[in-house]
Amino acid sequence: MRRSIAYPLVTLGAVVGSAAVVASPALAHGYVSAPPSRQALCASGAVKDCGQIQFEPQSVEAPKGQRSCNGGVAQWSVLADESRNWPAKAVGKNVTFTWVMTARHRTSNWEYFIGGKKVATVDGGNQQPDAVVTHNVDLSAFPGRQTVLAVWNIGDTANAFYSCVDLNVGGGGGGSATPTTPPAAPTTRPTTAAPTAAPTTAAPTTNAPTTSAPGGSASGSWAAGVAYKTGDVVSYEGKKYKCRQAHSSIHSWEPSIYTLALWLPL
């Protein structure tokens, strides 16, 4: 199975090699953003009351070999809580999983499991991956509602990162859904340390942008809670930015933080 690599201005969600700068080494690694994993749903607000994971969906790290959605870590136990009735994304029989890495560790491989059965392995070659990596996985043998455990096994440590993705396989919608959440902000909390070139304390403006025309032509102030299209133009802190990837905005994902990942300065 081939590993697809996203390049700037070519594939949605791509980030140039040095764009994912981490302010501190703690709690900034990687997760599945599309189809939305449980932590991605928490981060976007689609699932409420998730606790700390909503601020750091990339941080589900545990020793290799775990088979639970929280990696067996009590801090992230909400991700293994089946009573929440996690929403399942309708997909086709072949599903494209998009990983976003906020700290690009050397990679042994990626593994995908359903009900404890391994359904796919993608070799990482013990190389540093790009900031966004996609894998196409054949799930035709698993129709209906399924929970896929996606595991990113690090090549130079004993740990791995875990994401559970709830799907309705064969339920339509195809397998390459556009990510609904951009890369998690490389901080432990929205108001703590941020990338060196981006402030985290400045409050975004509250004026929503004007309605976008086909092809992207919106102009106005950036705001949280807005579904931006590729090509939309917004202003933020006195500067203009053009949207590079369709996404729904939330606080802590301002254009100055996600320059090149989501927004192109004009």
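Mentor: In the largest nonpolar core, which has 23 residues, the members that touch the most others are Phe97, Trp99, Trp110, Tyr112, Leu139 and Leu167. A nonpolar core here is a set of buried Ala, Val, Leu, Ile, Met, Phe, Trp, Tyr and Cys residues joined through side-chain atoms within 4.5 Å. Buried means under 20% relative accessible area, exposed means over 50%, and partly exposed lies in between, with a 1.4 Å probe and protein chains only. At least two residues of this core come from each of β5 (94-101), β6 (107-114), β7 (117-127), β8 (132-138), β9 (144-154) and β10 (159-169). Strands (E, at least two residues) and helices (H or I, at least four) are DSSP runs numbered from the N terminus. In soluble globular proteins, nonpolar side chains tend to be buried together.

The model is predicted, so local features are limited to pLDDT of at least 70 and side-chain atom pairs to pLDDT 80 or more, while totals for chains, interfaces and linings use all residues. Numbering starts from 1 along each chain as its sequence is written, and side-chain values use heavy atoms, with hydrogens and water left out.

Beyond four places in sequence, Tyr112 touches Phe97, Trp99, Lys117, Lys118, Val119, Ala120, His135, Val137, Val148, Leu149 and Ala150; contact means heavy atoms within 4.5 Å. There is also a second, separate core of 18 residues, with Cys42, Leu79, Val151 and Tyr162 among them.

β9 and β10 run antiparallel and are joined by 10 bridges, and a hairpin of 4 residues connects them. Two strands count as paired if DSSP finds at least two bridges between them. Within this pairing, Leu149 has Cys164 in β10 as its bridge partner. β10 also pairs with β3 (residues 61-63), antiparallel and over 3 bridges, where Glu61 is opposite Phe161. With β4 (residues 89-91) the sense is parallel, again over 3 bridges, and Ala90 is opposite Asn168. Strands of a sheet pair through backbone hydrogen bonds, either parallel or antiparallel.

Two buried polar residues deserve attention. Asn153 lies in strand β9 and counts as buried because its relative accessibility is 6%. Its side chain makes polar contacts with the side chains of Asn109 at 2.7 Å and Glu111 at 2.9 Å. A polar contact is a pair of N or O atoms within 3.5 Å; within protein, one must be able to donate a hydrogen and the other to accept it, and residues adjacent in sequence count only if both atoms are side-chain atoms. Neighbours within four places aside, Asn153 is in contact with Lys64, Thr107, Ser108, Asn109, Glu111, Asn159 and Ala160.

Gln39 sits in helix α1 (residues 38-44) and is buried, at 0% relative accessible area. A polar atom of its side chain lies 3.3 Å from the backbone oxygen of Pro57. Apart from residues up to four places away, Gln39 touches Tyr31, Ile53, Pro57, Val60, Leu79, Tyr162, Ser163 and Cys164. Leu79 and Tyr162 in that list also belong to the second core.

Elsewhere in the chain, β12, β13 and β15 form, in that order, an open sheet of 3 strands with antiparallel pairing. β12 (233-236) and β15 (263-265) are the edge strands, each pairing on one side only. From one strand to the next the twist averages 40°, with axes taken as lines fitted to C-alpha atoms (for helices over the stretch in contact) and angles from 0 to 180 degrees between N-to-C directions. β13 (residues 239-243) is joined to β15 by 3 bridges, and Cys243 is opposite Trp263.

For the whole chain, the count is 1 helix and 15 strands, and 48% of the 266 residues are buried. Among contacts with a separation of 6 or more, 62% are between residues 24 or more positions apart. The average pLDDT, the predictor's confidence in each residue from 0 to 100, is 76, and 68% of the residues score at least 70. Residues 1-28 stay under 50, with 68 contacts in the model beyond four places in sequence. Residues 183-217 are also below 50, and that stretch has 85 contacts beyond near neighbours in sequence.
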